[in-house]
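Reader: I am new to this structure and would be grateful for a close look at a single part of it. Please place that part in its surroundings as well.

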Amino acid sequence: MEPTTAPTKPQFSPAAQAEIKRLLTHYPEDKSKSALLPILHIAQAEFGGWVSPEVQDLVAETLKIKPIEVYEVSSFYTQYNLKPVGKHVLEICRTGPCMLRGSDELTEHLERITGAKVGGTSPDGTFTLKEVECLAACGFAPIVQVREKYYEQLDTPEAVDAMLNELKSLVHRPILPWEETELPNSLKNY
């Protein structure tokens with residue numbers, strides 16, 4: 001009989017730990033829970049694009065809060081993935097203006113071309129499709145958000161195909177903000 005080993009408890013990388021420590025300096029010591037959202041983003045980026053219950057427990061331990069406090073937040077916001085996802089998570093706006101401009105057709109086209117259904121991942125693991133609430137870019141509808149980038153006016157098959165080809169051509173994962181030597185101004189005060 002093979003000896004069994006206990007699963008390894010997730011741990012943040014030294015770079016992520018340093019970024020978490022930096023973030024916590026922005027809040028009073030007794031209000032560390034205020035850093036929950038950005039730390040969940042760090043956790044999601046560190047652990048394969050999703051936050052498992054074990055990773056959420058690590059976040060709770062890091063912030064010295066109860067795990068349920070993390071679960072409540074991570075399950076409320078669509079920006080946190082609670083199950084494994086593909087290399088690219090396509091968040092499709094499904095609210096009124098996008099629907100009027102063709103988000104239903106966009107979703108059907110994405111399902112057809114990627115092989116993924118909404119809420120699922122393509123067979124090759126490249127794309128996960130999610131429907132989300134308003135992405136606040138109604139004038140450019142229909143839109144899809146992938147990480148921090150908006151793909152706008154996806155109202156033709158050609159526009160959708162161009163987006164997917166761009167995403168497929170990415171060889172490396174995007175650089176995480178705390179891995180950059182010089183953070184952009186928009187992240188310095190995060």
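This is a predicted model: local features need pLDDT of at least 70, side-chain atom pairs count only at pLDDT 80 or more; totals for chains, interfaces and linings use all residues.

Leaving aside its neighbours within four places in sequence, which residues is Thr95 in contact with?

Author: Once neighbours within four places in sequence are set aside, Thr95 is in contact with Glu133 and Cys134. Thr95 itself is found in the loop that runs between strand S1 and helix H5, the latter covering residues 96-100. With a relative accessibility of 17%, Thr95 counts as buried, because the cut-off for that class is under 20%.

S1 comprises residues 88-93 and is joined to S2 by 6 bridges, the two strands running parallel. Two of the pairs may be named: His88 stands opposite Phe127 in S2, and Val89 has Thr128, also in S2, as its bridge partner. S2 is mostly covered, since 5 of its 6 residues are buried.

Both strands belong to an open sheet of 4 strands, whose order is S2-S1-S3-S4 and whose pairing is mixed. S2, residues 127-132, and S4, residues 149-151, stand at the edges; each has a single partner strand, so one side of each is left without a neighbour in the sheet. On average, neighbouring strands of this sheet are turned by 30° against each other, direction being ignored.

The structure accordingly holds 0 disulfides.

Gln56 lies in helix H3, which spans residues 53-63, and its relative accessible area of 6% is the reason why Gln56 is classed as buried. Not counting residues up to four places away in sequence, Gln56 touches Val51, Val70, Tyr71, Ser74 and Leu82.

The packing of two helices may be described next. H1, residues 14-24, and H2, residues 36-46, pack at an angle of about 175°, and their axes are 10 Å apart. That angle makes H1 roughly antiparallel to H2. On the side of H1, the residues that meet H2 are Ala16, Glu19, Ile20, Leu23 and Leu24, while H2 contributes Pro38, Ile39, Ile42 and Glu46. The residues of this contact divide into 7 nonpolar, no polar and 2 charged.

Finally, the whole protein may be considered. The protein has 8 helices and 4 strands, and along the sequence these follow the pattern α-α-α-α-β-α-α-β-β-β-α-α. Of the 190 residues in the protein, 38% are buried, and Thr95 is one that counts as such. Among contacts in the protein with a separation of 6 or more, 59% are between residues 24 or more positions apart. To return to the part requested, Thr95 sits in the loop between S1 and H5, where its contacts include Glu133 and Cys134.

Key:
Residues are numbered from 1 along each chain as its sequence is written. Side-chain values use heavy atoms; hydrogens and water are left out. Axes are lines fitted to C-alpha atoms, for helices over the stretch in contact, and angles run from 0 to 180 degrees between N-to-C directions. Angles under 35 degrees count as roughly parallel, over 145 as roughly antiparallel, 65 to 115 as roughly perpendicular and the rest as oblique. Contact means heavy atoms within 4.5 Å. Ala, Val, Leu, Ile, Met, Phe, Trp, Tyr, Cys and Pro count as nonpolar, Asp, Glu, Lys and Arg as charged, and the others, Gly among them, as polar. A disulfide is a pair of cysteine sulfur atoms within 2.5 Å. Buried means under 20% relative accessible area, exposed over 50%, partly exposed in between (1.4 Å probe, protein chains only). Two strands pair if DSSP finds at least two bridges between them.
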